[in-house]
Amino acid sequence: MTTATVDSKALLAVPAAPKATAASTMVEVARAHGVSPIRQLRESVALSFGRSRMKLHEYYAGGLYDPALTARDKREFVGERGSYLLNSGLASKRLTSLRGAMRHKVLHTAMMETLGFRTTKTQAVVSDEQRFGSVETCTDAASLRDFLMHRARFPLFGKPQSYSGSFGSALIESREGDDLILGNGKRIRLDAFCEEIVAEYASGYVLQSALRQHPVLEEAAGRAVGTIRIVTVRRAAMPEVLYTLWKIPAPTAMSDNFWQDGSMIAPIDPETGIVGQVRAGSGVKGRNIDTHPATGATLTGLQLPDWQAALTLAREGHAVMSEFGVIGWDIALTPAGPAIIEANANPHHMLYQLAHRRGIWNTDFAPVWGEVRARSKAMLRRRIQQELGRVKKRA
């Protein structure tokens, strides 16, 4: 799909900082749920401490004003800060020596591909600081233009080297003369695109072969890849799957990040791969939907293809980096099978809470977190003892 409109900007913009919660939101909650503004503020202040560390806008986005939730239920939820503290407490930084490699999109993709995991293919990297062996490196706008004109294999998916959250990303479907056609149907001048990349991400921007969704997902949700988030934990020798969900892109989006308007999210039964209740929006604007707004296909109850293979891919991938207590995997279900898009040592558990309508510190998961933390401590003690033993022998 193309359009005659030529845009000057291609990359997905960084989301604006959350606005202060308006008094009208408090009034709307009070009227709809019978919860007074004073009670809302009292609850939100209580949840800003302890393990929740929830900000006011997160209280409303998570719908924690709902009187159907008990006080104990609400204490099981976390904000972004609480999610980070949970994840960082599951494995000491002294233990996780591969943290830098996991964050480095080019190196992590190359490592997993070398070990035999299906993943994306890096075609080129924009960087004025690093080189990447046989992978082409574009050091300026001119060399990037040359790559896109003569050697790029479309479609391409571009993203910043060192950031998460989909901002700065772009799906490039094709090139027509001196124009690039984006995944949302917009058209941008090739020179403008190259200048934008170098101006904003000269230290690292990755261009990878864009994967295609399995026909079951493409028919249901459209062309843009909506990844499966599989969170794995290591509380024994072999990591296991803790929870799963589906990030469904908005009809006009080029990626699946939930903060984009119109994006959807849904829980997935880890055992069966069947999609649960799909939701769009959050807080007072959140709503349940069953069919996709563009395709009209039924989403709730959909059986995802190659499900067991996707779970195995995540578990085996975590086993490569078993020093981490928790990893959030973004996996694409493609016609050739599941493929790893990214791995994240700090998965944002707010996605789980939005999709599953349940706090991450629930009674099922709380014991798991404790066991993961205990095993990490035991692993670190063993490493220290082994190193001390080697030092004594050398002495």
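Analyst: Two strands are said to pair if DSSP finds at least two bridges between them. Helices (H or I, at least four residues) and strands (E, at least two) are DSSP runs, numbered from the N terminus. The model discussed here is predicted; local features need pLDDT of at least 70 and side-chain atom pairs pLDDT 80 or more, whereas totals for chains, interfaces and linings use all residues. Residues are numbered from 1 along each chain as its sequence is written, and side-chain values use heavy atoms, with hydrogens and water left out.

User: Why are β9 and β14 called paired strands, and which residue of β14 is the bridge partner of Arg229?

Analyst: Six bridges join β9 to β14, and at least two are required, so the two strands count as paired. They run antiparallel. The bridge partner of Arg229 in β14 is Asp330.

User: What makes Arg229 and Asp330 a salt bridge as well?

Analyst: A salt bridge requires a side-chain nitrogen of Lys or Arg within 4 Å of a carboxyl oxygen of Asp or Glu. For Arg229 and Asp330 the closest N and O atoms are 2.8 Å apart, so the pair meets the criterion. The pair links distant parts of the chain, since Arg229 in strand β9 and Asp330 in strand β14 are 101 residues apart.

User: Why do Arg229 and Asp330 count as buried?

Analyst: Buried means under 20% relative accessible area, exposed means over 50%, and partly exposed lies in between (1.4 Å probe, protein chains only). Arg229 has 7% relative accessibility and Asp330 has 10%, so both fall in the buried class.

User: How do you know that β14 is largely enclosed by the rest of the structure?

Analyst: Nine of the nine residues of β14 are buried, and therefore the strand is largely enclosed. Both of its faces are covered: Val326, Gly328, Asp330, Ala332 and Thr334 are buried on one side, and Ile327, Trp329, Ile331 and Leu333 on the other.

User: What makes β13 and β15 edge strands, and which sheet contains them?

Analyst: The sheet is open and has seven strands in the order β13-β12-β11-β10-β9-β14-β15, with antiparallel pairing. Strands β13 (287–289) and β15 (337–344) each pair on one side only, as edge strands. Neighbouring strands are turned by 30° against each other on average, direction ignored. Helix α13 (residues 366–394) packs on this sheet, touching β9, β10 and β14, and its direction makes about 60° with that of β9. Touching here means heavy atoms within 4.5 Å; angles run from 0 to 180 degrees between N-to-C directions of axes, which are lines fitted to C-alpha atoms, for helices over the stretch in contact.

User: Why is Thr244 called buried, and which residues does Thr244 touch?

Analyst: Thr244 belongs to strand β10. Its relative accessible area is 0%, so it is classed as buried. Not counting residues up to four places away in sequence, its contacts include Arg229, Ile230, Trp307, Leu311 and His356.

User: What makes the residues around Ile228 and Trp329 a nonpolar core?

Analyst: A nonpolar core is a set of buried Ala, Val, Leu, Ile, Met, Phe, Trp, Tyr and Cys residues joined through side-chain atoms within 4.5 Å. The largest such core has 35 residues, and those touching the most other members are Ile228, Ile230, Trp246, Ile248, Val278, Leu304 and Trp329. Elements supplying at least two residues each include β9, β10 and β14, while the largest share, five residues, comes from α11. Apart from this core lies another, of 21 residues, among them Phe147, Leu156, Cys194 and Tyr205.
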